[in-house]
Amino acid sequence: MHTVAVYVFDGMAPFELGVVVEVFGLARPELAGLLAAPWYGLKVCADRPGTPLAVVGGFSLTARHGLAELAAADTVIVTGVAGAFGDAVSPELVAALRTAHERGARIVSICSGAFALAAAGLLDGREATTHWRYAELLRQRYPAVRVNPDVLYVDHGDLLTSAGSAAGIDLCLHLVRADHGAKVANTVARRFVVSPHRDGGQAQFIEAAVKPVAEEEDGVAQSMRWALDHLASPLSVSLLARAARMSDRSYLRHFTARNGTSPMRWVITQRIAASLPLLESLDGTVEEIAAAVGFESAATYRHHFSRTMRTSPTAYRRSFGSGPA
């Protein structure tokens, strides 16, 4: 069984801990028949096990396990740090993180937890991220760390860092996907009642889900529904405007105001999203998939895919392919 250890401390906020417990600590009867290996074993660890720890919101918790168990885990997760972002990282935690890393454990941070990894020297010379509000402080305090504030998470295999609180969900699902495959991660996400992937060019290896269109019957919504039904066909602003029963100029204005992006950029994002299940299923060549979702050539598809996903279609398939679906 793969052991996940999460670090807790006095004065912590509970959200990130709840994410870790939800993903790795719950029984998963819905995964019966899907898992090739046992589900995770979760240990909540503190500097002093058995000592009540105050939690933001007016309650307390007590961890059963100490730093020896944290150092011995297969995956170690630090969801935050005490004090002014690393000022109060205990020497014992630093030593446990170094020990875990030296013996080959996967070390993970969520939000300000990156400051603990940096304090241990694990991020020196590496790209890392944290909440955008703390990125400049992390850069100033640890100049050897290459801070990237624009991504949801950074994955080096042995070291993973994520942005603010909700990005911890993305990173935890990414860990499940890496360990058990896309189908299992998608199932966990459904129970979590979140999208298994978040769209946008910020994230490394984050998939873009085809977004549902709101039900209101205005012209822009009608054109978006029509476009989703015709992604494999040639599309243009004029065709979309015609579906919305608007002039091209009026359509551009209304579409951008509603969606915060241009019509053709939205179409490209939806086409990339539609291609992801085809890549995951390992069914069809990249050229065939490009044509199936409406790109005029495989080269165009690769260009837009790399720009949006920060990886190539082939690399994405290699990472997340789960066989015929």
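If a disulfide is taken as a pair of cysteine sulfur atoms within 2.5 Å, the count comes to zero disulfides. The reason for C111 is distance, because its sulfur lies 13 Å from the closest cysteine sulfur, that of C172, which is too far for a bond. C111 is buried at 7% relative accessibility, and C172 is buried as well, at 2%, where buried means under 20% relative accessible area, exposed over 50% and partly exposed in between (1.4 Å probe, protein chains only).

This is a predicted model, in which local features need pLDDT of at least 70 and side-chain atom pairs count only at pLDDT 80 or more, while totals for chains, interfaces and linings use all residues. Residues are numbered from 1 along each chain as its sequence is written, and side-chain values use heavy atoms, with hydrogens and water left out.

A nonpolar core is here a set of buried Ala, Val, Leu, Ile, Met, Phe, Trp, Tyr and Cys residues joined through side-chain atoms within 4.5 Å. The largest such core has 72 residues, of which V8, F24, L70, I77, L97, I107 and V176 touch the most other members. Helix α6 (residues 167–180) gives the most to this core, contributing seven residues; helices (H or I, at least four residues) and strands (E, at least two) are DSSP runs numbered from the N terminus. A second core, separate and made of 14 residues, includes L276, L279, F305 and F320.

Turning to the strands, β1 (residues 3–7) and β2 (residues 41–45) run parallel and are joined by five bridges, two strands being paired if DSSP finds at least two bridges between them.

The charged side chains come last. Side chains of opposite charge can pair when their charged atoms come close. With a salt bridge defined as a side-chain nitrogen of Lys or Arg within 4 Å of a carboxyl oxygen of Asp or Glu, a search of the whole structure finds seven salt bridges. In one of them the side chains of R106 and D179 meet at 2.8 Å, N to O; because R106 lies in strand β6 (residues 106–109) and D179 in helix α6, this pair ties together parts that are 73 residues apart in sequence. R106 is buried, with a relative accessible area of 12%, whereas D179 is partly exposed at 32%. Finally, R28, E30 and R191 are linked in a network of salt bridges.
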